[in-house]
Amino acid sequence: MNHLNRYSPQWAESLTMRIVTARRISQVFFFALFAWFCIVGTAGEKFWQLRGWPVNWFLQLDPLAAIGTVLTQHSLYYPLLWALATVVLTIILGRFFCGWVCPFGSLHHFVGFLGNRKRPTAKKVELNKYRKAQRVKYFILVLFLAMAAFPSISATLQTGLLDPIPLVTRSFNLVLLPLVDRSANIASVTGRFYEGAWLIFAIFLTAVLLNLVIPRFYCRFICPLGALFGVIGRFAIWRIGKNQSECINCKLCEKSCEGGCEPAGNIKISECVLCFNCRQDCKHELISYQTVPSLAGEITDPDISRRGFALSVATGILAVPAIRLGNRLGSNWYHKVIRPPGALPEDQFLKRCIKCGQCMRICPTNVIQPGGITGGLENLWTPVLNNRIGSSGCQLNCVACGQICPTAAIRPITLSEKLGRDQFADVGPIKLGTAFVDRNRCLPWAMNRPCIVCEENCPVSPKAIYTQEFFETVRDGILTIRNAGSEKIETVESSLSPGKFATGDYYCLIGDGQRLKVAANTENSIEIPPGENFEQIPAPGGKIELQVRLQRPYVDIEKCIGCGVCEHECPVSGKKAIMVSAEGETRSPGRALLLKR
Amino acid sequence: MADNPINDAASCFTLTGIGKAASQAGAQVVLPKDNLFKHTTLTGARLIKNWPIFFGPFGKADKLIGIAPVKHHNRSGASMTMKNWYGLLGGRRNIFHQDINTIIAELSMMVTPTLVILDGTEVMMTNGPTGGSISDLKRTDTLIASCDQVAADAYGCTLLGLKASDLPYLAKAQNADAGTTDYESLKPIFAAVG
């Protein structure tokens, strides 16, 4: 090909044009595909809804998710086999994923281009030079992998914090889409809310704006996935390089270099994202995509010293027990960390969850929320049920979160397993936690007001919430009879609020015998419903008690599955009068409330 | 076809088959999107004041048909055509459970349906209105169609073994001229079908 370059420069030029154009088309295509998969992540049957769209595909292509889970759990969830294709292609082609596929990378590429396009060439060359700090991403990668790799010490998977695919997935799904959809209501019927989404947004925005300082800032300095590709890509069969050792050193090839890999000199292969801009910008056609090393020399290994590597590993190994000094996996476990149905036991869950937010996106009721750090640093952006947000609690007949989870941190359970039917009848339903009535806040318990919304909404059969009937005498409700007819009692006191006791919930207890419903009242009289009769007309001077009929809720903890519908519906809207906490959840036998029978 | 149910609306229409039946009949299912609610005050009401009402789908309708099953409802006794209009309420509507009879009566004042159909083919005798099990159902093979929702419910509650006087909201609705509990006075036609 080199000799063709020399002998037919126009043909060669058109070819280089084509490869950069092809790269741009690829970037636009995969970015659009990614955005499309975010939009269609809505449960439904229309073509723009979930149906069978492979919305996890980008996460499955991500070898960091695959390698991370293999390190922590020594097993690979089969859909992550896609990552093998990425790895194989990287070994053949180099970091094609960064320059051609990664939607986050393409966004940085585009913003960096927009922000810096008017700068003078010399400034562009300066911006795109290699910097020592580009090694930081390798430290981050090694740190995360070290945190994941030593289960005997206590492993945790935290790659998702900075892994660009989960990062951009949660940023799009949990921030951008709800913002855009706020008024359109296309992606969801009601507006979606995500607790702590501001932090996801702030990180996303910062990463994007940093392109104005240095193009592809995130890719060059932070991205642990890029670092992984850098490590794998050092073995690449094809690589960018010079086809002559000498050149005039005009540095134009570094003007638009996306990776900051210095193609003019000793090209740093592990930094090259295969943007092919150098190949296009070299007016002398000295740069090729070739199987031989650059004739000007190349550096294949990432710039990470033995000492830096060792320090990163050591930090990673120490970090996990340090994070866990709060004992959030032990006796100090946080009762508000209520995981979705099918979630693995907490220590295993933390070895699999990549914080991508897909479960939060797919949840039809919006009850699955990104966790905060109150539940421990590892809890950040992991799925937690917050029954105060969304249209209802966890729906009885729904297992969407486990079906979508790309790493099986939430297992893909069936409805039979969730509800404890068929072959799971012996095990019983999956409990997410247990509902507790706060008798100091519950309307019928604390304030003598009828309510029982919780009981009505309990979806379990037979209901886990049941009621018992009480009649409570209202404040200043003991009254003296002045006069009584067949349907009406007049009282000595004239303190009643007219009509207040005519709601159908109030009764009048005569002496300590008959109790009759109040149909109407004035300030000093009470009427009973037409058709009802006193056993005997009450005598003047006698006492009556004005009572409210209450149904007070109780939770049968053997039946409660912790779905949170009661908590969601409880009309005590501040601190709810019935709240689910994670005690009794199926996945943690150690947190059981009841003795086994 | 519209409702604002307790559980996720889209799932409800799918799981019950109502959505499919509606589209087969050429009807459109309208989900309770936020922008379809309008703050409304009902004249003479104590509870429905400046309250978000699911008004959007009905703005241009010239006929309104209410369809409801007969269900046990622990708080009010029974949920039938009048209680079914709860699906028009938005916001923190659960707070009205403190005064369930008044809110049901106000719903019947707010809505004057062209027709109500009360489905008593199988009624929920206990553990209502949500959850429960198949064993809570009883076959009563009755379908009630009426232009008077109060009368429909007054008859419907007999399927649950109740009398109209057991449900205070019926008397309240009658007092507000929303209909009559004396369904016999409307000379109902009883027809055996099938």
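**Chat on a predicted two-chain model**

Me: Which order do the strands take in the open sheet of chain A?
Reply: The order is E11-E10-E14-E8-E9-E13-E12, seven strands with antiparallel pairing. This is a predicted model.

Me: Which strands stand at the edges?
Reply: Strand E11 (515–517) and strand E12 (520–522) of chain A. Each has a single partner strand, so one side of each has no neighbour in the sheet.

Me: And the twist, what does it average?
Reply: 30° from one strand to the next.

Me: Take E9 and E13 of chain A. How many bridges?
Reply: Three, in the antiparallel sense, between E9 (residues 488–491) and E13 (residues 525–527). In one of the pairings, A:Ile489 has A:Ile526 of E13(A) as its bridge partner.

Me: Switching to helices. Is H13 of chain A mostly covered or mostly open?
Reply: Mostly covered. Nine of the ten residues in H13 (residues 224–233) are buried. Among them are A:Leu225, A:Leu228, A:Phe229 and A:Ile232.

Me: What do the buried residues of H13(A) pack against?
Reply: Helices of chain A: H4 (63–73), H5 (82–93), H6 (96–101), H9 (136–149), H10 (164–184) and H12 (217–222).

Me: Now the cores. Which residues have the most contacts inside the largest nonpolar one?
Reply: A:Cys359, A:Cys401 and A:Ile578, in a core of 136 residues. H9(A) gives the largest share of this core, ten residues.

Me: What does A:Cys401 touch?
Reply: Leaving out residues up to four places away in sequence, A:Cys401 touches A:Pro340, A:Cys359, A:Ile362, A:Cys363, A:Ile368, A:Pro383 and A:Ile410.

Me: What does the second core include?
Reply: That separate core has 43 residues, including B:Phe54, B:Val70, B:Ala78 and B:Ala164.

Me: On to the contact between the chains. How many residues from each?
Reply: Chain A puts in 37 and chain B 31. On the chain A side, helix H21 (residues 453–457) supplies the largest share, four residues.

Me: How do the residues on the chain A side divide?
Reply: Into 15 nonpolar, 17 polar and five charged.

Me: Last one, confidence. What is the mean pLDDT of chain A?
Reply: 93, with 97% of the residues of chain A at 70 or more.

Me: Where is it below 50?
Reply: Residues 1–7 of chain A are one such stretch. Beyond near neighbours in sequence, this stretch has seven contacts in the model.

How values were computed
Residues are numbered from 1 along each chain as its sequence is written. Chains are lettered from A and ligands numbered from 1 in the order in which they are written. This is a predicted model: local features need pLDDT of at least 70, side-chain atom pairs count only at pLDDT 80 or more; totals for chains, interfaces and linings use all residues. A residue is buried if 20 or more other C-beta atoms lie within 10 Å of its own, exposed if 12 or fewer, and partly exposed in between; C-beta atoms are placed from the backbone. Helices (H or I, at least four residues) and strands (E, at least two) are DSSP runs, numbered from the N terminus. Two residues are in contact if their C-beta atoms, placed from the backbone, lie within 7 Å. Two strands pair if DSSP finds at least two bridges between them. Axes are lines fitted to C-alpha atoms, for helices over the stretch in contact, and angles run from 0 to 180 degrees between N-to-C directions. Ala, Val, Leu, Ile, Met, Phe, Trp, Tyr, Cys and Pro count as nonpolar, Asp, Glu, Lys and Arg as charged, and the others, Gly among them, as polar. A nonpolar core is a set of buried Ala, Val, Leu, Ile, Met, Phe, Trp, Tyr and Cys residues joined through C-beta atoms within 7 Å. pLDDT is the predictor's confidence in each residue, from 0 to 100.
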